[in-house]
Amino acid sequence: PADEEYRRVEEGLRIVKEVAPQIPVSVDTFRASVAERCVGEWGVEIINDIAAGGLDPDMIATVGRVKAAYIMMHMRGNPHTMTSLCDYDDVVADILQYFCRKINEAQQAGICDIILDPGFGFSKTLDQNYILLQRMDELKAFGLPVLVGASRKSMIFRLLDSTPAEALNGTTVVNTLSLLKGASILRV
């Protein structure tokens with residue numbers, strides 16, 4: 001629930017702000033009420049939403065109102081249903097269309113700083129993740145920073161028939177390829 005999520009996030013924010021108050025902070029949440037409290041009470045600069053407003057219809061308007069930067073990720077469904085929602089005609093074309101709609105919605109809400117996350121591992125098969133990696137440079141068409149979060153994900157350790165603990169070298173390769181394909185930010 002939102003209150004429990006905020007309580008947990010607040011503990012971390014308190015520690016970060018005591019130790020290094022000058023460091024910009026990003027909070028992962030798909031709940032508008034949590035985002036609003038984090039920005040208002042703790043000065044959080046970035047909201048990272050795995051659903052780009054799809055799980056809380058108030059999220060995009062809230063982020064626009066509080067003037068936070070916004071990381072919007074591509075995902076279909078929710079974390080419980082996403083693995084059954086991987087049917088695409090063209091995974092990259094569908095992601096581009098999705099971001100076109102979401103960027104427009106965010107800009108209409110007054111969000112100025114938008115970062116795109118193609119959502120490796122979210123509502124994509126193993127093969128689709130690698131097609132996305134191969135064609136990730138197509139996201140540059142939006143002229144926005146791209147964030148990649150592939151660290152030790154199943155797309156790496158399943159391909160290598162290993163474990164997450166053994167996926168560091170694979171993660172390094174995927175991160176390097178992501179940077180070469182236009183990523184601006186690596187989430188590790």
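Let's start with a cut-off: a residue counts as exposed when its relative accessible area is over 50%, and as buried when that value is under 20%, with partly exposed in between. Keep in mind that this is a predicted model. Now try the cut-off on Lys67, whose relative accessibility is 62%, so Lys67 counts as exposed. You'll find Lys67 in the loop between H3 and strand E3 (69-73). The backbone is worth a look here too: Lys67 is not a glycine, yet its phi is positive, about 65°.

Arg152 sits in the loop between strand E5 (147-148) and H6, and with a relative accessible area of 31% it is partly exposed. There's a glycine with a positive phi as well: Gly43, which follows H2, has a phi near 70°.

That brings us to H2 itself, which spans residues 32-42. Which residues of H2 are buried? They are Ala32, Val34, Ala35, Cys38, Val39 and Trp42. Look down the axis of H2 and these buried residues fall within an arc of 170°, so they line one face of the helix. As for what covers the buried residues of H2, the list includes helix H1 (2-19), strand E1 (26-28), strand E2 (46-49) and helix H3 (59-66).

Between E2 and H3 runs a loop, and Asp58 is in it. Asp58 has a relative accessible area of 48%, so it counts as partly exposed. If you want a sense of distance across the model, take Asp58 and Tyr130: they are 72 residues apart in sequence, and their C-alpha atoms are 33 Å apart in space.

Next, helix H5, residues 126-134. Its buried residues are Leu126, Gln128, Asn129, Leu132 and Leu133. Viewed down the axis of H5, they fall within an arc of 165°, so here too the buried residues line one face of the helix. Asp127 and Gln134, on the other side of H5, are exposed. What do the buried residues of H5 pack against? Three helices: H4 (91-108), H6 (154-157) and H7 (168-180).

H4 and H5 pack at an angle of about 70°, with 9 Å between their axes. Since angles of 65 to 115 degrees count as roughly perpendicular, that makes H4 roughly perpendicular to H5. On the H4 side the meeting residues are Val91, Val92 and Ile95, and on the H5 side they are Gln128, Ile131 and Leu132. By type, the residues of this contact divide into 5 nonpolar, 1 polar and no charged.

H7, another of the helices that H5's buried residues pack against, holds Asn175. Is Asn175 buried or exposed? Its relative accessibility is 8%, so it counts as buried. Setting aside residues up to four places away in sequence, Asn175 touches Leu186 and Val188.

Back in the loops, Ala141 lies between H5 and E5. Its relative accessible area of 71% makes it exposed. Ala141 and Met75 are 66 residues apart along the chain, with their C-alpha atoms separated by 20 Å. Another loop residue, Asp113, lies between H4 and strand E4 (114-117). Leaving out neighbours within four places in sequence, Asp113 is in contact with Ala69 and Tyr70. From Asp113 to Ser184 the C-alpha distance is 14 Å, for a separation of 71 residues in sequence.

Finally, the cysteines. How many disulfides does a search of the whole structure find? The count is 0. Take Cys112 as a case: it is in no disulfide, and the nearest cysteine sulfur, that of Cys100, is 18 Å away. For scale, a disulfide needs a pair of cysteine sulfur atoms within 2.5 Å. Cys112 is exposed, at a relative accessible area of 69%, whereas Cys86 is buried, at 15%.

Terms used. Residues are numbered from 1 along each chain as its sequence is written. This is a predicted model: local features need pLDDT of at least 70, side-chain atom pairs count only at pLDDT 80 or more; totals for chains, interfaces and linings use all residues. Side-chain values use heavy atoms; hydrogens and water are left out. Buried means under 20% relative accessible area, exposed over 50%, partly exposed in between (1.4 Å probe, protein chains only). Helices (H or I, at least four residues) and strands (E, at least two) are DSSP runs, numbered from the N terminus. The arc is that of the directions from the helix axis to the C-beta atoms. Contact means heavy atoms within 4.5 Å. Axes are lines fitted to C-alpha atoms, for helices over the stretch in contact, and angles run from 0 to 180 degrees between N-to-C directions. Angles under 35 degrees count as roughly parallel, over 145 as roughly antiparallel, 65 to 115 as roughly perpendicular and the rest as oblique. Ala, Val, Leu, Ile, Met, Phe, Trp, Tyr, Cys and Pro count as nonpolar, Asp, Glu, Lys and Arg as charged, and the others, Gly among them, as polar.
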